[in-house]
Amino acid sequence: MAVKLKIKKGDSVKVIAGDDKGKTGKVLAVYPKTLKVVVEGCKIAKKAIKPSEKNPNGGFVNKEMPMDISNVAKI
């Protein structure tokens with residue numbers, strides 16, 4: 001059974017719960033199966049990356065992680 005979500009990719013939202021409470025940003029991705037969204041500039045995590053042709057030294061990259069859709073409100 002599919003759930004109809006009110007928040008879509010590209011919408012402006014405000015974070016209403018969690019560490020980033022009060023921040024606003026644009027929705028970069030929506031995951032309806034897990035009811036999560038990725039908001040620009042919120043819930044940043046440091047991810048380790050292996051060396052590759054693109055990044056020969058590897059290292060760390062800051063990446064936005066998915067947060068629960070109940071923690072954001074549409075503006």
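**Strands and salt bridges: a quick tour**

Okay, let's start with one spot: Val13 stands opposite Lys74, a residue of strand β7. A word on what we're looking at: the model is predicted, local features need pLDDT of at least 70, side-chain atom pairs count only at pLDDT 80 or more, and totals for chains, interfaces and linings use all residues. Residues are numbered from 1 along each chain as its sequence is written, and side-chain values use heavy atoms, with hydrogens and water left out.

So, what is the protein built from? It has seven strands and zero helices. Helices here are DSSP runs of H or I with at least four residues, strands are runs of E with at least two, and the numbering goes from the N terminus.

Now the sheet. Five strands make an open sheet in the order β6-β3-β2-β1-β7, and the pairing is antiparallel. At the edges sit β6 (67-68) and β7 (72-74), each pairing on one side only. When I say two strands pair, I mean that DSSP finds at least two bridges between them. If you're new to this, strands of a sheet pair through backbone hydrogen bonds, either parallel or antiparallel.

Let's walk across. Strand β1, residues 12-15, is joined to β7 by three bridges, and the two run antiparallel. β1 also pairs with β2 (residues 24-31), again antiparallel and over three bridges. Val13 turns up here too, standing opposite Gly25 of β2. Next, β2 pairs with β3 (residues 36-39) in the antiparallel sense, over four bridges, and there Val30 stands opposite Val37. The β2-β3 hairpin has four residues between its strands, and Leu35 takes a positive phi near 55° in it.

Next up, salt bridges. How many does a search of the whole structure find? Two. The term means a side-chain nitrogen of Lys or Arg within 4 Å of a carboxyl oxygen of Asp or Glu. One is between Lys74 and Asp11, whose closest N and O atoms are 3.6 Å apart. This pair links distant parts of the chain, with Lys74 in strand β7 and Asp11 in the segment before β1, 63 residues apart. Is Asp11 buried or exposed? Asp11 is buried, at 16% relative accessible area. Buried means under 20%, exposed means over 50%, and partly exposed is in between, using a 1.4 Å probe and protein chains only.

The other salt bridge is Asp20 with Lys23, at 3.3 Å between the closest N and O atoms. Asp20 counts as buried at 15%, whereas Lys23 is partly exposed at 39%.

One more residue: Glu64, in strand β5 (residues 59-64). Glu64 is partly exposed, at 27% relative accessibility. Beyond neighbours within four places in sequence, the contacts of Glu64 (heavy atoms within 4.5 Å) include Leu28, Val38, Glu40 and Ile44. Gly41 is another contact, and its backbone nitrogen lies 3.2 Å from a polar atom of the Glu64 side chain.

Finally, zooming out. Along its principal axes, the C-alpha trace spans about 40 × 30 × 20 Å. Of the 75 residues, 21% count as buried. And among contacts with a separation of 6 or more, 43% come from residues 24 or more positions apart. That's my tour, thanks!

Definitions and conventions: A polar contact is a pair of N or O atoms within 3.5 Å; within protein, one must be able to donate a hydrogen and the other to accept it, and residues adjacent in sequence count only if both atoms are side-chain atoms.
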